[in-house]
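Please keep the sequence and the coordinates at hand while going through the points.

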Amino acid sequence: ELIKKIASGGPSAIGYDVNFPEQQDTQNDGALADAIRNAGNVILPAELRLLTGDNGRPVSDASGTIQPIPLLADAAAGLGHTNITPDTDGVVRRLPLDVRSSDPRISATRPAFAELLAMRAGRMPAYQAIPQDDRGLLRINFSGHPGFTFPVISAADVIAGTVDPTRFTGRIVLVG
């Protein structure tokens with residue numbers, strides 16, 4: 001219902017940053033897939049985990065991709081990685097645009113969740129024009145001034161119909 005209500009307002013993209021790695025039931029999974037497919041602009045997360053041991057080598061049984069069940073993945077407009085790379089002080093200032101696994105068993109390469117949202121919304125420059133550091137990380141250009149926040153709207157209010165869906169028109173909407 002949330003996706004249907006948001007989509008009725010005509011957002012440029014919907015980023016649904018909730019992982020759905022396990023099947024629930026056919027009816028509910030199907031309804032969610034239908035809402036995602038009908039919206040046509042929903043990006044879902046797929047985390048390409050690159051866990052390493054103390055020696056820097058991949059942990060044999062822990063590497064892999066956590067992604068939505070195939071029914072939802074197929075309905076989405078795209079799947080983007082949600083991996084982050086904190087600096088040594090624990091603050092995230094950079095984002096890998098693409099994640100490639102160093103584990104030979106994993107051949108997946110995923111673009112970033114935020115990158116797919118921006119592309120879907122038509123707000124992404126040509127890939128070659130995006131400045132990256134020598135590790136292939138994009139320095140995050142945080143919006144606004146310190147303390148600046150984006151509007152937050154309750155999902156319950158959207159579902160209840162107390163939020164005018166035109167509030168989403170032309171915007172990137174994040175759910176998470």
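This is a predicted model: local features need pLDDT of at least 70, side-chain atom pairs count only at pLDDT 80 or more; totals for chains, interfaces and linings use all residues.

1. The mean pLDDT of the protein is 83, with 81% of the residues at 70 or more. Confidence is highest in helix H1, at 98, and lowest in strand E3 (residues 47–49), where the mean is 70.

2. Helix H2 comprises 14 residues. From its first C-alpha to its last it reaches 20 Å, close to the 20 Å expected at 1.5 Å a residue. Its N-terminal end is capped by aspartate 25, of which a side-chain oxygen lies 3.2 Å from the backbone nitrogen of glutamine 27. After H2 comes glycine 40, with a positive phi near 75°.

3. Which residues of H2 are buried? They are Asp29, Gly30, Ala33, Ala35 and Ile36. The buried residues of H2 pack against H1, E2 and H3.

4. The largest nonpolar core contains 22 residues. Ile6, Tyr16, Ile36, Val42 and Leu44 have the most contacts inside this core. At least two of its residues come from each of H1 (2–8), E1, H2, E2, H3 (70–75) and E10. A second, separate core has six residues, including Ala13, Ile43, Leu116 and Leu117. In soluble globular proteins, nonpolar side chains tend to be buried together.

5. Not counting residues up to four places away in sequence, leucine 44 touches several residues, among them Tyr16, Ile36, Leu72 and Phe113.

6. Strands E1 (residues 13–16) and E10 pair in the parallel sense over four bridges, and glycine 15 stands opposite leucine 174 of E10. Strand E10 (residues 172–175) has Val173 and Val175 on its covered face, whereas Ile172 and Leu174 lie on the uncovered one. In a regular strand the side chains alternate between the two faces of the sheet.

7. Is asparagine 41 buried or exposed? Asparagine 41 counts as buried because its relative accessibility is 7%, under the 20% cut-off. This residue lies in the loop between helix H2 (26–39) and strand E2 (42–45). The side chain of asparagine 41 reaches the backbone oxygen of proline 11 at 2.9 Å. Leaving aside neighbours within four places in sequence, asparagine 41 is in contact with Pro11, Ser12, Ala13, Ile14, Ala77 and Arg120.

Terms used
Residues are numbered from 1 along each chain as its sequence is written. Side-chain values use heavy atoms; hydrogens and water are left out. Buried means under 20% relative accessible area, exposed over 50%, partly exposed in between (1.4 Å probe, protein chains only). A polar contact is a pair of N or O atoms within 3.5 Å; within protein, one must be able to donate a hydrogen and the other to accept it, and residues adjacent in sequence count only if both atoms are side-chain atoms. Contact means heavy atoms within 4.5 Å. Two strands pair if DSSP finds at least two bridges between them. A nonpolar core is a set of buried Ala, Val, Leu, Ile, Met, Phe, Trp, Tyr and Cys residues joined through side-chain atoms within 4.5 Å. pLDDT is the predictor's confidence in each residue, from 0 to 100. The expected span of a helix is 1.5 Å times one less than its number of residues.
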